[in-house]
Amino acid sequence: MSAVLRTVNRVLTALAGVILLAVGGAVLAVGFDAPAPSWWVHQGPHDVLLSDAERTRWRDAGWWWPVVIAALAVLLLLALWWLVAVVRRRRLTEVLVDTGDGEGASLRGRALENVLAGEADRVDGVERAGVRLTGRRDAPAARVRLLLAPHVDPGTALHELTTGALTHARRSANLTALPAEVHLRGVKHGAERVS
């Protein structure tokens, strides 16, 4: 997600949160019998959301309730689409490699991920490695997960990963930078007996 889209997303989310918080707080305040402004929908804790006249106004019109239900269904689908778009982390499908001749070449993202994971697996003490590329095709970033054996120093494993696998990947793809977010986790093991 680009910086502009991230900013717009945060602003809209904050705005929706402030509006919902204000409306919810006002309804709660009126529910506790706080004085309400004259323009507010409810005037007291025993006031109803829709009066009988408002609720039955469109009862004879056969189009009213299907339109209301369809509009709410569309709003729900849009909200779900937005949630999935925000939560989903996109995997980079290809990396643009500068060949130096003015042309460019494409490297499959999965191929680079597999090579990075394979080289990270060969680091001493790494039980399992997983790599996922994110970002843009001309500026990729790596998310690396390492499962470490109990005897391994995490700092040493991280140093070997950055000077080995990540440096080789950056050089082979002719990238100016390959930022990486590395998650280290120790393998679960039983207590060892000390004699």
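**Exercise 1: A helix and its surface**

L76 lies in helix α3, which covers residues 64-87; helices (H or I, at least four residues) and strands (E, at least two) are DSSP runs, numbered from the N terminus. This is a predicted model: local features need pLDDT of at least 70, side-chain atom pairs count only at pLDDT 80 or more, and totals for chains, interfaces and linings use all residues. Residues are numbered from 1 along each chain as its sequence is written, and side-chain values use heavy atoms, with hydrogens and water left out.

**Exercise 2: Annotated spans**

Task: Where does UniProt place the feature "transmembrane region"?

Solution: 
1. The unreviewed UniProt entry gives residues 12-32 and 63-84; positions follow the numbering used here, feature names are shortened, and annotations may be inferred rather than shown by experiment.
2. Residues 12-32 are 95% helix and 0% strand, with end C-alpha atoms 30 Å apart.
3. Residues 63-84 are 95% helix and 0% strand, and their end C-alpha atoms lie 32 Å apart.

**Exercise 3: Positive phi**

Task: Is D33 buried or exposed?

Solution: 
1. Find D33 in the loop between α1 (3-31) and α2 (52-56).
2. Look at its backbone: D33 is not a glycine, yet its phi is positive, about 70°.
3. D33 counts as exposed because its relative accessibility is 56%; buried means under 20% relative accessible area, exposed over 50%, partly exposed in between (1.4 Å probe, protein chains only).
4. Now try N174, in the loop between α5 (154-172) and β5 (180-186): its phi is near 55°, and at 44% relative accessibility N174 counts as partly exposed.
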